[in-house]
Amino acid sequence: MINLKVNGKAYQVDVDPSTPILWVIRDHIGLTGTKFGCGVAQCGACTVHLNGNGIRSCVTPVSGAEGKELVTIEGLDPKLSKPLQQAWIQEDVPQCGYCQSGQIMAAAILIRDKVNPTDGDIDGAMTGNICRCGTYQRIRKAIHVAADLKKSGVK
Amino acid sequence: MNDSNNLSRRKFIQTGAAAGGGLLLSFYLPAFGKFRNAGLPAPVNFVPNAFIRIGTDDIITVIVNHSEMGQGAYTSLPMILADELDADWSKVRFEAAPVDPAYNHTAFGMQMTGGSTSTNSEWDRFRKAGATGKYMLIAAAAQTWDVDASTCKAEKGCVIHTGTGRKLTYGQLVEKASAIAAPAEVKLKDPKDYFLIGKPVKRLDTPEKINGTGIFGLDVKIPGLLTAVIARPPVFGGKVKGFDAAKAKSIPGIKHVLQMDRGIAVIADGFWPAKLGRDALNIEWDDGNLATLNSKTQGEEYAALALQPGAVAKNDGDANGAISNAAKKLEAVYELPYLAHSPMEPLNCVADVKADSCEIWVGTQFQTAEMMTASRITGLPSSKIKIHTTLLGGGFGRRAVLDCHFVAEAVQISNALKVPIKVVWTREDDIHGGYYRPRAYHKLSAGLDASGKLLAWKQNVVCQSFIVGTPLAGMMVQNGVDGLTVEGAANMPYAIPNLHVAWNMAPNGVPTLWWRSVGSSHTAFAVEGFIDELAKAAGKDPFEYRRILLEKSPRHKKLLEFVAEKAGWKKPLAPGRGKGIAIHESFGSVVAQVAEVSITNNKTLKVHRIVCAIDCGQVINPDTVKAQMEGCIAFGLTAALYGEITFDRGRVQQGNFHNYRMLRMNEMPKVEVHIMESTEPMGGVGEPGVPPVAPAVMNALYTLTGRRVRSLPLRPDDLKKKA
């Protein structure tokens, strides 16, 4: 049994400790907002926060999350999710939408840590997240918008 | 369920098959003439169509028969209908259509999404559906007030009696409207009265795509669901000779190991054990006929094939004669590799086969064919097969498969075990899995007169066909030419007195498929690269040279001038920058692009900016058009810079995004999209932005290096200045 805390809620899961967090979240806990894209930490679709750090859940064994706080797209702090979602809607970012959970989880770390992210900061924080539909230009713009919304206290 | 829910449910009027009640408008819609794109058959089905459901709560649900794979169908189609319905847009919702002949594609006669046709194929039907609904609602209100319908008007989800100002919402009219007979003919709006069509409208599907609630195929959960991961042959056409599953079966969570026609399926209570189980299989494969397939020798075979005359797709004048007599002759070979579609959501399908039913949940572009496939596998009539279309995590053609293999696998396993099964492909399965954009080889020659005027063009295309030998061949193969292999070349817009385009079919074996922009994904690179070479040979500016050759194609000429103006073609660039131009027509739209590039340290290409102009005729949602152009550019750039599937000893040499690279945030150029005012018939927007990207970028690169890139993807040596 592994004890997990996901989005503030405690879970006990009976899985092999080497199972990647992604599959525990999706198949055992049933939260499907976190996506499977590559399985080898190349695309970022599976990005979640572990103790506040963005991680690739497809390659991180669940044993590494024991006793720590996991946050998925479903449980993102509204202080971050609200400005990001509002900006994503304003800029009409998603196309197929499959990568966007991961994009938002990566962007959340960026706007949490940088009040005024530059384009260089965005390149640095977001280059690990692939969008096959090519929404990059809109993601970039939406991150700037979200950072401004966060500053102005959008809830 | 609480009381208020029960109450509101009781209020719904049950009519027809409308689940959840409300007004379900069924229509017999008249034929709307020959589909505009040449070569497509006229509509074959004129059956009842059900596209609207209005609840007593005023919510208008538009039932959308085109799958949402990012192209915006779940917004643009409701926009078309809601405009004619004079709906309150804030009350409009979308719902994926079930599979039914009523929802067949108006041109293709089956339920499917593709060919950049979602809006243009439904433009008439969805407008008529909306207008018919409005007619019935107005008639219902007129009846209620006992006034003439001509004294009533519809506005923002209400019918208003113009004389007295009395007003009823559509929700209030649900019951009465259900009893009104649908009119045989309806009057459509004057375009000046559109309040949604042609305006930038936010997508309806964004909220669920940014909070984790949107359901893609991979997210489907049903009770008792098991996950299957399949070991497929490492060489296309290979077969299982023997296998040992003892080790796999010892892994906790593994439920079954099943041999099937496409390999060995490992079935477990989740993805991870299923994958571990597959990795633990010991399989002996018979590699079959492609065991020695090698990309280099295959390229030599293609070159040899290009020397054959081939099946003639276009033959104006006497190209051979004109070239042999020309003052100046040019020859070139353009080559493009196999490409995987790589949608972000790996392929998957959920099937639940029971003794007397089969239910399928899948992100697909090809519902009708999949229903027939499931019927064939299970022996059940199609009436017992239910397909739920989920969101598609990208399609690009990969989810429109003629043999329906990724649905068939799930149905076969569920049929054998009689448990619900989700088949999940890994990224490696996807990249190894075939159904690629065909490899293509273009042999070109041309003749110019002494002044540089283009006299003759000869092009021989070598590539596989995924149409020959299928039921689509009758429609799409003419005079021995699969039209998809030469589209964009045989119909090039340039005025060339002697033009010869031919096709030689490369041997099949590697499964190939339509890949975003299909034949144009390779023909545009050859045509727009070679025309640039001719401009150079003629000593002309590449824009001016094209412009003169477009004298008989005013639509193209105007767009080319438009993009040149928007891009500032005639203005000098910053030092170290190069620019290139390309124009291409596909799917009823014309797209022109100007790329601006630089090279750093002789080894890194930077695409700074792409100015893109499109003429797609009537626009539904301009913001979606722009988004599709941005996406097409990222897609085309990925192919130009990185995309390549190669073979050695029959095996695909790429496996995941580390060696089958995708464009990333830091590589995305600044994209500026300009939509040209146009009265042309409506074209598509999902694909036409792809073809011009690679030639525009490589033509720009040439101005910096003096080197023509005639083979994709870009190689390191392509960035070194020619000595």
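View 1. Strands here are DSSP runs (E, at least two residues), as helices are (H or I, at least four residues), numbered from the N terminus. The two strands pair in the antiparallel sense over 4 bridges, where pairing asks that DSSP find at least two bridges between them. Look for Glu155(B), which stands opposite Cys158(B) in strand 6 of chain B. Strand 5 has a covered face with Cys152(B) and Ala154(B), and an uncovered one with Lys153(B) and Glu155(B).

This is a predicted model, in which local features need pLDDT of at least 70 and side-chain atom pairs count only at pLDDT 80 or more, while totals for chains, interfaces and linings use all residues. Residues are numbered from 1 along each chain as its sequence is written, and chains are lettered from A and ligands numbered from 1 in the order in which they are written.

**View 2. Helix 3 of chain B runs from residue 123 to 145.** At 1.5 Å a residue, its 23 residues should span 33 Å, and its end C-alpha atoms are 33 Å apart, which agrees; the expected span is 1.5 Å times one less than the number of residues. Because 19 of the 23 residues are buried, helix 3 is largely enclosed by the rest of the structure.

**View 3. Gly395(B) sits in the loop between strand 17 and helix 11 of chain B.** This glycine is buried, with 25 other C-beta atoms within 10 Å. Not counting residues up to four places away in sequence, Gly395(B) touches Met69(B), Pro343(B) and Gln365(B); contact means that C-beta atoms, placed from the backbone, lie within 7 Å. Its C-alpha atom is separated by 8.6 Å from that of Ser342(B), 53 residues apart along the chain.

**View 4. Here chain B meets chain A.** The contact takes 49 residues from chain B and 43 residues from chain A. On the chain B side, helix 5, helix 7 and helix 18 each supply at least two residues. Helix 18 gives the largest share, 7 residues.

Key
Buried ≥ 20, exposed ≤ 12 C-beta atoms within 10 Å, placed from the backbone. Contact = placed C-beta atoms within 7 Å.
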